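This note is intended for a colleague who is meeting the structure for the first time. The points below may be read beside the sequence and the model.

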There are 2 protein chains.
Amino acid sequence: MASRAESPATLARIAAEAGVSLPTVSKVVNGRSDVSPATRKRVQELLDRYEYLPVRQRSRRHDALTADLVFTHLDSPWAVEIMRGVMESGLDVVVSTMKDPGGTPWSDRVARAGRGGAILVTSHLTAHDRKILARAHLPLVQIDPVDLPSPDMPSVGATNWAGGLSATRHLISLGHRRIGMVGGPEDFLCSRARIDGYRAALDGAEIPHDPTLVRHGDFHHEGGYQQALELLEREDRPTAIFAGSDEQAMGAIEAARTLGLSVPGDVSIVGFDDLPVARWASPPLTTVRQPLSDMGREAGRMLAQLIREESLDNHRVELATSLVVRSSTAAPRA
Amino acid sequence: MASRAESPATLARIAAEAGVSLPTVSKVVNGRSDVSPATRKRVQELLDRYEYLPVRQRSRRHDALTADLVFTHLDSPWAVEIMRGVMESGLDVVVSTMKDPGGTPWSDRVARAGRGGAILVTSHLTAHDRKILARAHLPLVQIDPVDLPSPDMPSVGATNWAGGLSATRHLISLGHRRIGMVGGPEDFLCSRARIDGYRAALDGAEIPHDPTLVRHGDFHHEGGYQQALELLEREDRPTAIFAGSDEQAMGAIEAARTLGLSVPGDVSIVGFDDLPVARWASPPLTTVRQPLSDMGREAGRMLAQLIREESLDNHRVELATSLVVRSSTAAPRA
């Protein structure tokens, strides 16, 4: 597309000031030899004074590879963390979501854009998407895929099972025995892995499961609030809740406040993700840190390798989670 | 960069299967006429079976304009809201920050990238930045500039003064007379406008100013926490705080909790921005809504006009803020 300096107006102005024709100015710009040295000098001085940059220099593209980064939604601080990591991998990142305002399926848009490749975040791929993307022979990497990714689709995730285990072990070590769990949507593999980690920790401590203490939210605030409210309204309410995501944990804190229960005095709450908002919660959240930036950076690195047609060491990388203890957990009241 | 389908391997495989030479396959791909109809048919069937897409079709770029969207930092949910709006304007958006990991000044990087234009968010432009960007003749729009933008730099902001006024009037209408204010950094114009709105509301209600009740944070959680802590530790503590940003308001809620004060029972708190986290706070925040997505969309629309060399109706657009009343404000205790 035309940049302003290409507009005839600028060159015409220089031509007028130099007292030469527009084609003569063009000749100087394009380095042609059929211009007298005196004219060339006069025109060049004006080009310099107006800081005119030749088109070939202006349009020289940055060396970095450009890739699409496609989110299912762009509705959470979660996205910023991933994005920052992908950017740090050195790729130029075109950010978009799977909701195309124009009504074109996102996969058609990405396939047509003709960029180096794409990183897809927490994405359900339809048969149409798979077909279009395969046909475009576009290098792809998934972050935290909802389903088990097909073996030919490289992906990056976090150790969700180990994270669920350590969150629950932390609560057990404080003395909790009656621990509620609010997972994400039932069909999300990452949520299933966190719940399985929770169950493994209970088994390890020989605490019997109460299946009525395990509930499913939507990973968002509203789901955490509703599910925690129902758990905390019970006569035999749990003394602690592992809330499955930071947003859900903040919903659980609000559910406790609504019922007049204090956190962590009456109920301990653990999140998952360690978004910046985990520090802003009141009280600040004990949570399981997902290295979201690192996941983004790793996905970017893998995609760059694919674009350069290098082979990958691993098609599936899981980065370690870690427990961050803040103020939303304590021993249960005696 | 090379997409996989261009690799000689694919075409060689098709040539082998069709029993013809590689140049013959190329002729079919390129629509040349010097191939027998039978050979053309056989090769075309194989190209279809392998879903081979001609290069000219693959590299056809999406119609949308591509622009850089440059944030000072990418450390807040605030950024996602702006980003979503810019994307909705129909621009393809390359997101980056002013901190370049490679050490190249961001303005050089953006100038060299040769994209359609750039949107700069809350940016301090150095003399170097201004020079480089001017020389590149790159269409630019600023969102929420820190300084008063120069008249030739189009910008989009929100009605910060009116927002400060309505937040403070809301507290006055509840019966508060002793109202603290935590602004952002002193050199941020948007913060100054919010504080001026606060003062105008006090004047309107004939409440004398107490300059010791006005403090400056960093717009982030830590600043809000510290400043609110100092206000609330005083003997003559305010009964309400207008916290200048949602993050600062969440810091103020935590400061109150630390001191054993309830919100809104002992102190009312009002934020500014209405980020998604405002709903997740406990209690959910009364706040001044900045239409961040709309601001992003408007900036995108203006930039697209500049790229198409259309003239702008306005060089400075301020979109309206509005008060959102939730649960962090109430009448002061009698």
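1. A salt bridge is counted here when a side-chain nitrogen of Lys or Arg lies within 4 Å of a carboxyl oxygen of Asp or Glu. The model under discussion is a predicted one. Over all chains, the structure holds 40 salt bridges.

2. How many salt bridges are found between chain B and chain A? The count is two. In the salt bridge between Arg115(B) and Asp92(A), the closest N and O atoms are 2.6 Å apart. Side chains of opposite charge can pair when their charged atoms come close. Eight residue pairs across the interface of chain B and chain A are in polar contact, both residues being at pLDDT 80 or more.

3. The extent of the interface may be stated next. Chain B contributes 57 residues to the contact, and chain A contributes 57 residues. The area buried between chain B and chain A is about 5300 Å², and carbon and sulfur atoms give 58% of this area.

4. On the side of chain B that touches chain A, the elements that each supply at least two residues are α5 (77-88), β2 (92-97), α6 (106-113), α7 (127-135), α11 (246-258), α12 (276-280) and α13 (292-307) of chain B. Which element gives the most to this side? It is β2(B), with six residues. By residue class, the side of chain B that touches chain A divides into 27 nonpolar, twelve polar and 18 charged residues.

5. Strand β2 (residues 92-97) of chain A pairs with β2(B) in the antiparallel sense, over three bridges. Within this pairing, Val93(A) has Val95(B) as its bridge partner. The open sheet comprises twelve strands in the order β11(A)-β5(A)-β4(A)-β3(A)-β1(A)-β2(A)-β2(B)-β1(B)-β3(B)-β4(B)-β5(B)-β11(B), with mixed pairing. At its edges stand β11 (316-319) of chain A and β11 (316-319) of chain B; each has a single partner strand, so one side of each is left without a neighbour in the sheet. From one strand to the next, the twist averages 25°.

6. In chain B, strand β1 (residues 66-71) runs parallel to β2(B), and six bridges join the two. Leu69(B) stands opposite Val95(B) in β2(B); Val95(B) is also the bridge partner of Val93(A). In chain A, helix α6 (residues 106-113) packs on the sheet and touches β1 (66-71), β2 and β3 (117-121) of chain A. The direction of α6(A) makes about 175° with that of β1(A).

7. Chain B has an open sheet of six strands, in the order β7-β6-β8-β9-β10-β12, and its pairing is mixed. Why do β7 (214-216) and β12 (322-324) of chain B each have one side without a neighbour in the sheet? These strands stand at the edges, each with a single partner strand, so one side of each is left without a neighbour. Neighbouring strands of this sheet are turned by 20° against each other on average, direction ignored.

8. Strand β10 (residues 286-289) of chain B takes part in both kinds of pairing. With β12(B) it pairs in the antiparallel sense over three bridges, and Thr287(B) stands opposite Val324(B) in β12(B). With β9(B), β10(B) pairs in the parallel sense over four bridges, and Val270(B) stands opposite Thr286(B).

9. The bond joining Val263(A) and Pro264(A) is a cis peptide bond with omega about 5°; Pro264(A) is in the loop between α11 (246-258) and β9 (268-273) of chain A. The peptide bond from Ser282(A) to Pro283(A) is also cis, with omega near 0°, and Pro283(A) lies in the loop between α12 (276-280) and β10 (286-289) of chain A. Glu206(A) is not a glycine, yet has a positive phi of about 55°; Glu206(A) is found in the loop between α9 and β7 of chain A.

Terms used. Residues numbered from 1 in each chain as written. Chains lettered and ligands numbered in written order. Predicted model: local features only at pLDDT ≥ 70, side-chain atom pairs only at ≥ 80, totals over all residues. Heavy atoms only, no water. Contact = heavy atoms within 4.5 Å. Buried area = accessible area lost by both parts, 1.4 Å probe. Polar contact = N/O pair within 3.5 Å; in protein donor to acceptor, adjacent residues only side chain to side chain. Nonpolar A, V, L, I, M, F, W, Y, C, P; charged D, E, K, R; others polar. Pairing = 2+ DSSP bridges. Axes fitted to C-alpha atoms, helices over the stretch in contact; angles between N-to-C directions.
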